Amino acid sequence: MKRVLSGIQPSGQLTLGNYIGAMQNFVKLQETHQCFFMVVDLHAITMPQDPAALREQSEAVAALFLAAGIDPNRASVFMQSHVPEHAELGWIMTTVSYMGELERMTQYKDKSAGKESIPAGLFVYPTLMAADILIYNADLVPVGDDQKQHLELTRDLAQRVNQRYATSLQVPEPYIPQTGARIMSLDDASKKMSKSNPNPGSYIALLDEPDVIRKKLSRATTDSGREVRFDPVEKPEISNLMAIYAHCANMQMSEVERAYEGQGYGAFKKDLAERVVEALEPLQARYREIRQSGELPAILRKGAAEAREVASETLRQIKDKMGFVLPQ
Ligand code: TYM
């Protein structure tokens, strides 16, 4: 069975962007693949995190995985820090990476822009991400568009290690949705929707109350036209809302266009809010159940044990090929 690996940072409240760009595909892929889904807490600390908030958000992300429909009996769900092999292979990946290729990463450039002191962890972030993927020999990595460049680097590093040390690491492929790979900010369609945006009006959090969702969507920026037509270049704001609609209502874009022919933005935005609320309400109810049930620690323990079995074997093989003396 082919393998899938992906992760989400517990660095804020998960948004509709995370859901549409990544989590919906996690749920889909578990039907046909051996899946590993983790909360990447070691990545989150590349930016300063309040300890209490980090703990709460990490548990929240794990519970949201399950609430979204990931079945812990099919997929391994775990905390990245519970599998210490990630950090160890991350170090090895750092030693085979070049400063130049890391400097070219747009996420690094964005997050370090204007900073006087740039955290070194931010710089080597992609080498840990490469380790995350390669340690499971993942075939597919479901992500949104913004992670494509990190995936390219991961592929380069896999090939480099294979050449240099005669390993046979799987060179992974990204798995990116056709529409919704880049859900944009509600207040500015030139920026992606992001959980770290200081303006909560710019994103829909998966745990937003229905009335908050309605309010945020009614305030979402649109152009001055009235035609509900998918055209991301000429009409980026309404096209973004249409992508959200299509995913939440499980409709094709052409169906959405047809449904709102001649109706204007007002009616569309009102319905959109209801579609989003309908999509998120069951998820929110399951989320509350999971948090109250106390089942999370056992699920995470099982997931980490399953993950470690695979990760420790890959790491052992790589270290052996590299010439490390293995413990006897
Ligand atoms: P993170 O935590 O920023 O985002 C998690 C996932 O959500 C996707 N995403 C979006 N998709 C569409 N529209 C948006 N506005 C949007 N915002 C976020 C991201 O592309 C991502 O798939 N580096 C990763 C975490 C990571 C990882 C990994 C992913 C660490 N190790 C190994 C895959 C494999 C990140 O920062 O994701």
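Visitor: Which residues does the "short sequence motif: 'HIGH' region" annotation cover?
Guide: Residues 10-18, according to the UniProt annotation, which comes from an unreviewed entry. Keep in mind that this is a predicted model.

Visitor: How much helix and strand is there over residues 10-18?
Guide: That stretch is 33% helix and 0% strand. Its end C-alpha atoms sit 11 Å apart.

Visitor: On to the ligand. How many residues surround it, and which are the closest?
Guide: The ligand is surrounded by 26 residues. The closest are Gln 9, Gly 17, Gly 21, Val 143 and Gly 144.

Visitor: Which elements give two or more residues to that shell?
Guide: Strand S1 (3-8), helix H1 (16-29) and helix H7 (120-134).

Visitor: And which gives the most?
Guide: H1, with five residues in the shell around the ligand.

Visitor: How does the shell divide into nonpolar, polar and charged?
Guide: Around the ligand there are 12 nonpolar residues, 10 polar and four charged.

Visitor: Back to H7. At what angle do H7 and H8 pack?
Guide: About 70°, with the axes of H7 and H8 (residues 148-165) 9 Å apart. H7 and H8 are therefore roughly perpendicular to each other. Their crossing is right-handed.

Visitor: Which residues make the contact?
Guide: H7 brings Pro 126, Met 129, Ala 130, Ile 133 and Leu 134. From H8 come His 150, Leu 153, Thr 154, Leu 157 and Ala 158.

Visitor: How many charged residues are in the contact of H7 with H8?
Guide: None are charged; eight are nonpolar and two are polar.

Visitor: Switching to H12. Where does it run, and how does H3 cross it?
Guide: H12 spans residues 264-293, and H3 spans residues 51-68. Their axes come within 8 Å and cross at roughly 125°. That angle makes H3 oblique to H12. The crossing is right-handed.

Visitor: What residues are in contact there?
Guide: On H3, Ala 63, Leu 64, Leu 66, Ala 67 and Ala 68. On H12, Leu 283, Arg 286, Tyr 287, Ile 290 and Arg 291.

Visitor: How many of those are nonpolar, polar or charged?
Guide: The contact of H3 with H12 has eight nonpolar residues, no polar ones and two charged.

Visitor: What about H9 and H12? How do their axes cross?
Guide: At roughly 145°, and the axes come within 9 Å. H9 covers residues 210-218. H9 passes H12 in a right-handed crossing.

Key:
Residues numbered from 1 in each chain as written. Predicted model: local features only at pLDDT ≥ 70, side-chain atom pairs only at ≥ 80, totals over all residues. UniProt positions renumbered as here; feature names shortened; annotations may be inferred. Helix = DSSP H or I, 4+ residues; strand = E, 2+ residues; numbered from the N terminus. Axes fitted to C-alpha atoms, helices over the stretch in contact; angles between N-to-C directions. Parallel < 35°, antiparallel > 145°, perpendicular 65-115°, else oblique. Left-handed = near helix turned anticlockwise from the far one by under 90°. Contact = placed C-beta atoms within 7 Å. Nonpolar A, V, L, I, M, F, W, Y, C, P; charged D, E, K, R; others polar. Near = placed C-beta within 6 Å.
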